[in-house]
Amino acid sequence: MAWQGYPGDLSKKVIKDALKGAKHPKADFLAVRYESQVDARVAKAHDLAGDGALSGALKEIDAILADAKASDEQKKDATAIKDAVDAHVKALSGQAEQFVKSRDVERAVKVLEALSKEFGSAEAGEKAKKRLDEISADPKLKTELDAAKALQRLKDQIRELKRDKSTPKIAEFVKKNQGTRAAERASLLLRTIKTKS
């Protein structure tokens with residue numbers, strides 16, 4: 001709780017003061033929320049995991065688990081966070097596969113690239129890189145990815161155009177990328193525009 005009172009009394013200064021020092025996670029979907037209280041020695045790993053810096057959190061945890069002076073409570077807390085991080089990474093990898101199966105390759109690539117970047121040469125990073133390579137080598141998945149990127153570029157191009165100018169561009173995209181999920185999305189966009197007209 002940063003402030004309490006009548007909304008009309010809330011000032012910009014109060015908001016700025018409340019937000020001082022607040023950190024935005026690197027990637028929201030990488031963040032691991034572990035709500036239980038942890039020992040002060042484990043707090044850094046806890047905070048890193050909450051910020052999405054998973055490899056940093058695991059390094060801190062490994063140091064605690066390897067330290068003969070660490071208490072049983074510290075090791076227990078560190079192990080609990082490690083388990084939460086491992087489960088989260090496994091869930092993200094599974095989610096990426098679900099995206100691939102549903103032909104939402106662009107989202108799958110986003111998740112896999114984040115894992116690859118976060119974990120580098122560690123096992124989770126290597127698995128993500130391998131899957132990215134497999135996606136790039138698969139002609140159907142590559143077509144889906146290219147179409148998704150093209151759709152995003154098209155949306156950026158037509159953002160400021162009037163309906164009569166954007167409709168033919170969308171129709172052309174649908175025809176050119178027929179059979180892809182991006183074409184399905186563009187068709188829906190086209191129907192929405194026509195409904196509003």
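Colleague: How many positive and negative side chains does the protein chain have, and how far apart do the centres of the two sets lie?

Modeller: There are 41 positive and 32 negative side chains, with the centres of the two sets 8 Å apart. Lys and Arg count as positive and Asp and Glu as negative, while His and the chain ends are not counted. The place of a charge is NZ of Lys, CZ of Arg, CG of Asp or CD of Glu.

Colleague: What kind of model is this, and how are residues numbered?

Modeller: This is a predicted model, in which local features need pLDDT of at least 70 and side-chain atom pairs count only at pLDDT 80 or more, whereas totals for chains, interfaces and linings use all residues. Residues are numbered from 1 along each chain as its sequence is written, and side-chain values use heavy atoms, with hydrogens and water left out.

Colleague: How many helices and strands are there?

Modeller: The protein chain has nine helices and zero strands. Both are DSSP runs numbered from the N terminus: helices are H or I with at least four residues, strands are E with at least two.

Colleague: Is the chain a compact globule or more spread out?

Modeller: The protein chain is more spread out than a compact globule, because its radius of gyration is 23 Å, well over the 16 Å that the globule rule gives for 197 residues. That radius is taken over C-alpha atoms, and the rule is 2.2 Å times the number of residues to the power 0.38. The C-alpha trace spans about 70 × 55 × 20 Å along its principal axes.

Colleague: Turning to Glu118, is it buried or exposed?

Modeller: Glu118 counts as buried because its relative accessibility is 10%. Buried means under 20% relative accessible area, exposed over 50%, and partly exposed in between (1.4 Å probe, protein chains only). Glu118 sits in helix H5, residues 105-119, and a polar atom of its side chain lies 3.0 Å from the backbone nitrogen of Leu54.

Colleague: And where is His46?

Modeller: His46 belongs to helix H2, residues 43-50, and counts as partly exposed at 22% relative accessibility.

Colleague: Which residues is it in contact with, leaving aside neighbours within four places in sequence?

Modeller: His46 is in contact (heavy atoms within 4.5 Å) with Tyr34, Ser36, Val38 and Ile81.

Colleague: What about Thr167, in which helix is its place?

Modeller: Thr167 is in helix H8, residues 163-176. Apart from neighbours within four places in sequence, Thr167 is in contact with Leu190, Ile193 and Lys194.

Methods: A polar contact is a pair of N or O atoms within 3.5 Å; within protein, one must be able to donate a hydrogen and the other to accept it, and residues adjacent in sequence count only if both atoms are side-chain atoms.
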